Amino acid sequence: MRRRRMLFSLLLVAAAGMGAAGVPAAPRAQAAAATAPLDRVVPAPASVRPGGDPYTLTDRTGIRIPGGSAEARRIAGYLAGVLRPSTGYALPVTTRDGDGIVLRLGGRGTAGLGAEGYRLSSGSRAVTISAARPAGLFHGVQTLRQLLPTAVERRTEQAGPWRVAGGTIADTPRYAHRGAMLDVSRHFFTVAQVKRYIDELAMYKVNRLHLHLSDDQGWRIALKSWPRLATYGGSTQVGGGPGGYYTKDDYRAIVRYAADRYLTVVPEIDMPGHTNAALASYAELNCNGQAPPLYTGTNVGFSSLCVPKKVTYDFIDDVIREIAALTPGRYLHIGGDEAHSTSHDDYVAFMDKVQPVVAKYGKTVIGWHQLTGAHPAKGAVAQYWGYDKTGAAERAQVADAARHGTRLILSPADRAYLDMKYDKNTPLGLSWAGYVDVRRSYDWDPGSYLQGAPADSVLGVEAPLWTETLKTSAHLEYMAFPRLPGIAELGWSPAGTHDWGAYKERLAAQGPRWDALGIDYYHSPEVPWPSR
């Protein structure tokens, strides 16, 4: 009996040993699959050195901020807000040293990271993000999100494990300006909708939000000096809907929310064309003294401020003064495109008078690239939106201005305009610049795009999203995703990382993350999305 009991015990031990050796193989494989490689990040990091054990978040993990910086504490709170719902962990934020998630601001090895760079190191005991400045720390947090399983983005508790692959990322941006433009004039979008878009931009290290606040169809910012601009000029939109506008407090809330995510708001008041909403609001702004009706169509080029009238510049001074006072960022966009109803001489005279007003109120001018046909002020920035059909003379004019000191933001319409249809079957958007599929949107180099323009004249890139056909957040997301991350990568990542074959694999891995976030994206056939 004792021998049989011993034999039975040995069999149990053997069975347990087989289980230990064989059964966990599947969970290990699952864990490996759930641990994203360090280089599966969008935008592509500047440097990746994988190796070592992964870090695993547990119910004992804390978020540590050595030094107790207020900015680091705020970023730690933001990270905890992302991670707590899905992991179910408390993730206390503390200034005490120790293992866990460490957000380190300043200190040894961070001087070379600049204003927006970061270093992320992951090992068995901790994942540490270091940066010289808060913006870099925040960008590192976005990378950490992508290294965790996609279920981390859900707002309800999910099963782990929550692992971050071992190794080190050192990352700095290629360009200072990595922007996205949102047209709130053709269709109005609420503060909540703009905030949602800001959160989506922040995930991909976009650092500028260009708000197109005025156009023929609507004026979207309330100003004390000219109140009918908002109450009347903002009362409609394309198709005749109710429109809307931001109060000063609304605008401040957007600016503040963006700043908390290290995006700077660049307001645009388009002039001298694209001004029907203003002209309809105040008859004196028209050369004939008669206000036109409000406009709800989509044609361009028919409106113009009255260049010879003194009241025009009183109006512009008031508008720029009030908006500059609301805007902490250094830039103010004055539009300047498609002024077909303004003669060339009037256009030049107008820009010569308006640019000094922007400088008077402490801002730097940005204008669409037609500004280069006038006299760009010293330090001015031209935003190029031309495309393959743009004439050689116009391109040469922009390149010549760049050679003489005008900085460039590149937004080629047939590459970076997110409102262009993907193909002929796309239910939303326009196609005047052609169809822009995901590869075409990504596969160009800002440094060499505009022939004759010095590479160092390029301040960065920007992805405009015009809204003639877009009415909801779902519409915005369908057109922005999956193209927006590619433009963000062109702005952030070194030119040497640029490769469509590798990028489409990294982009495909973003799909489940967007599913978890409820982002309604276009399932491009060019991208090998994971099966659902």
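**Ground rules**

I note that this is a predicted model, in which local features need pLDDT of at least 70 and side-chain atom pairs count only at pLDDT 80 or more, while totals for chains, interfaces and linings use all residues. I number residues from 1 along each chain as its sequence is written, and side-chain values use heavy atoms, with hydrogens and water left out. Helices (H or I, at least four residues) and strands (E, at least two) are DSSP runs that I number from the N terminus.

**Entry: H5 and H14**

I looked up the geometry of this helix pair and found that helix H5 (residues 191–202) and helix H14 (residues 473–480) pack at an angle of about 25 degrees, with their axes 10 Å apart. The axes are lines fitted to C-alpha atoms, for helices over the stretch in contact, and the angles run from 0 to 180 degrees between N-to-C directions. H5 and H14 are therefore roughly parallel to each other; on this scale angles under 35 degrees count as roughly parallel, over 145 as roughly antiparallel, 65 to 115 as roughly perpendicular and the rest as oblique.

I then listed the residues that make the contact, which are Gln193, Arg196, Tyr197 and Glu200 on H5 and Ser473, Glu477 and Ala480 on H14, taking contact to mean heavy atoms within 4.5 Å. The residues of this contact of H5 with H14 divide into two nonpolar, two polar and three charged, in a scheme where Ala, Val, Leu, Ile, Met, Phe, Trp, Tyr, Cys and Pro count as nonpolar, Asp, Glu, Lys and Arg as charged, and the others, Gly among them, as polar.

**Entry: the disulfide**

I searched the whole structure for disulfides (pairs of cysteine sulfur atoms within 2.5 Å) and the search finds one. This disulfide joins Cys287 to Cys306, with an S to S distance of 2.0 Å. Both Cys287 and Cys306 lie in the loop between helix H8 (276–281) and helix H9 (310–326), so the pair ties together parts that are 19 residues apart in sequence. The torsion about the S-S bond of Cys287 and Cys306 is about 105 degrees, so I record the disulfide as right-handed.

Is Cys287 buried or exposed? I found Cys287 exposed, with a relative accessible area of 55%, whereas Cys306 is buried, with a relative accessible area of 3%. For these words, buried means under 20% relative accessible area, exposed over 50%, and partly exposed in between (1.4 Å probe, protein chains only).

I turned to Phe350, which lies in helix H10 (residues 344–360) and is buried, with a relative accessible area of 0%. The C-alpha atoms of Phe350 and Cys306 are separated by 9.4 Å, although the two residues are 44 residues apart along the chain. Leaving aside neighbours within four places in sequence, I find Phe350 in contact with Met271, Pro272, Leu305, Val307, Thr312, Tyr313 and Ile316.

Met271 and Pro272 are joined by a cis peptide bond, with omega about -5 degrees, and Pro272 is found in the loop between strand S14 (264–268) and H8. I also noted a cis peptide bond from Val42 to Pro43, with omega near -5 degrees, and Pro43 lies in the loop between helix H2 (25–34) and strand S1 (47–50).

Which residues does His139 contact, leaving aside its neighbours within four places in sequence? I list Glu116, Tyr118, Arg178, Lys205 and Trp492; His139 itself is in helix H4 (residues 134–147) and counts as buried at 1% relative accessibility.

Thr172 is in the loop between strand S9 (167–171) and strand S10 (177–183), and at 29% relative accessibility Thr172 counts as partly exposed.

**Entry: positive phi**

I looked for positive phi in residues other than glycine and noted Leu91, with phi near 45 degrees, in the loop between helix H3 (70–87) and strand S4 (93–94). Leu91 counts as buried at 0% relative accessibility. Glu338, which is not a glycine, has a positive phi of about 50 degrees; Glu338 is in the loop between strand S15 (331–333) and H10, and counts as buried at 18% relative accessibility.
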